[in-house]
Amino acid sequence: MIKFNHVYKIYEKDIKALDDLSFSVEKGEFVFLTGPSGAGKTTVFNLLYREDIPDMGTILVENSDIAHLARSRVPYYRRRIGFVFQDFKLLFDRSIFDNIALPLVLTSTAPEFIYKTVNDAIKRIGLEGREDVDPWHLSGGEKQKVALARAVILNPPFIMADEPTGNLDEENAWQIMTMLDELNRAGTTVMVASHNRDIVTRMGKRVIRLERGKAVE
Amino acid sequence: MRWLKEVFLNFKRTDFMSLVSVGTIALAILALGGYYLINQTLNYIITKVEQKVEVVVFLHDGFDPQKAQQMVSDAKQIDGVDDVMFVSKADAYNNFIKDPDMHDIMKSFDGNPLPDSITVKLRDYTKETLAGVVKFFNAREGVEDIQYGGAEIENLIKIVSAIKLIVGIAGIIFAVAALLVVSNIIRLTVYARRQDIYIFRMIGASESFIRVPFIIEGIIHGFLGGFIGWGLLYTIVNVLINEIRKQTGMDFSGFYLFTPDYFNVRFMLSSIAAGSGLGLFGALFSQGRFFK
């Protein structure tokens, strides 16, 4: 599914964000990416978002070298990945319904299908009846649930979550991790960057630990 | 529909800046429309004045009428000449005394003081045509004097050209200013929504999905600005026409530029099109930094 092959990323002279990083994630796996600040987790995610490209090495996602994706193909690549961020990255000037519906709108999905699919998703995250509420009025946990619902609304084969529990209390953090686990059990490949040792330990999943841009599994 | 929703959200977020953008386009359209009206009016006046330009060639007293007729026939061959007429001294005298003011003056002379003359009407008023006619008659026997309003016309054209230049420069300055203001306001809108743009990108929005609302926003600013600019110009022109009518009794409402068919329909549509064009180009110019 994902294969980092001798990847280097050098941001400034002599500062290697990634230093000959190699690892792979199989289809259907649940993997934690851990490590101290500056270890290279964000760089890995930026490369996987295709926000950036490696200076050396290859990154294969579903057997395609994403560094060589044409700029016009990048949006289509991103639609196959569900992104979840620590700070939710919701659009605060539109309703919960509109936030979750956005990926479907991008793909010109029929309005009736959007209506049904989004309402089902809202029901699953327990926000039924609050479809028209702006994200301002939600708790941190609810916001992250909306972000997760948006990330999976297109049924992507791969979910990347960057510190998804970083702004949440223990109960909400655990709920989010449970939802990610359920998605994984349904066949979705999940990669989570996390500092939270307790959650990483309790989940009992494979861990890729990064230190100074290298993988230490 | 989706794009209109995005445009509406942009308007909501940047209501004051949107008003500034619409207002600037309205002023630019007012200036450009004013320039167009002034330019057309001046061209109309020049054409009318030019059409009245005649070259009058006075002949020596007693010049052979047959030679004069020959001169008339030859002059008709000159490029740009519309008509050439021989006016005998008797015809000239009869014309003069028809004018009550001239009647007494002419009667004070012993006999007819007027010479035979040839009147040349020009088809196209140009310096070259005029010079050709003057050169032709200067080289002929029997010509005493050649008169034409050339110097006055040249002065008028110079003044009109200067006015057109000044108004034109003002129009261009307003248009460029409008373009910059619209461009910068849309750039600010883009800046204000940079986080949203980032989110759109992350969830797989195409560039057109992100950019088109900003372009539509520019066009809507331009559409509204163009309409308001036309409305201002319409009001100003009507106030001026009424004032001139009151002060001088002259009625310009029938002038072709101010007829309803032209000023209310064609001019309005052109103003809206020009405003929308300004908005569109302003939006396209703004699509730089934040979209890289």
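Select B:E207 and B:R211 first: their side chains form a salt bridge, with N and O 3.3 Å apart. A salt bridge here is a side-chain nitrogen of Lys or Arg within 4 Å of a carboxyl oxygen of Asp or Glu. Because they stand four residues apart in helix α9 of chain B, the two residues are separated by about one helical turn. B:E207 counts as partly exposed at 25% relative accessibility, and B:R211 counts as partly exposed at 24%. In these terms, buried means under 20% relative accessible area, exposed over 50%, and partly exposed in between (1.4 Å probe, protein chains only). Helices (H or I, at least four residues) and strands (E, at least two) are DSSP runs, numbered from the N terminus.

This is a predicted model, in which local features need pLDDT of at least 70 and side-chain atom pairs count only at pLDDT 80 or more, while totals for chains, interfaces and linings use all residues. Residues are numbered from 1 along each chain as its sequence is written, chains are lettered from A and ligands numbered from 1 in the order in which they are written, and side-chain values use heavy atoms, with hydrogens and water left out.

**The interface**

Next, display chain B together with chain A. The contact (heavy atoms within 4.5 Å) takes 21 residues from chain B and 19 residues from chain A. The buried area, meaning the accessible area (1.4 Å probe) that two parts lose on being put together, summed over both, is about 1800 Å², and carbon and sulfur atoms give 61% of this area. Select B:I199, B:M202 and B:I203, which supply 35% of the area that chain B buries against chain A, more than any other three residues.

**Salt bridges in chain A**

Over all chains, the whole structure holds 23 salt bridges. Select A:K9 and A:D55, whose closest N and O atoms are 3.6 Å apart in a salt bridge. A:K9 belongs to strand β1 (residues 2-12) of chain A, and A:D55 to the loop between α1 (41-49) and β4 (56-61), 46 residues apart. A:K9 is buried, at 6% relative accessible area, whereas A:D55 is partly exposed, at 41%.

Then select A:E29 and A:R206, a salt bridge with its closest N and O atoms 3.0 Å apart. A:E29 is in the loop between β2 (15-25) and β3 of chain A, and A:R206 is in strand β9 (residues 206-211), 177 residues apart.

**The core**

Nonpolar side chains tend to be buried together in soluble globular proteins. A nonpolar core is a set of buried Ala, Val, Leu, Ile, Met, Phe, Trp, Tyr and Cys residues joined through side-chain atoms within 4.5 Å. In the largest one, of 37 residues, A:I100, A:V118 and A:L180 touch the most other members. The largest share of this core, six residues, comes from α5(A). A second, separate core of 30 residues includes A:L33, A:I66, A:Y77 and B:M202.

Finally, select α3(A), where 10 of the 11 residues are buried. Among the buried residues of α3(A) are A:I96, A:F97 and A:I100. Leaving aside neighbours within four places in sequence, the contacts of A:I100 include A:V118, A:A121 and A:I122. A:S108, which follows α3(A), has a positive phi near 55°.
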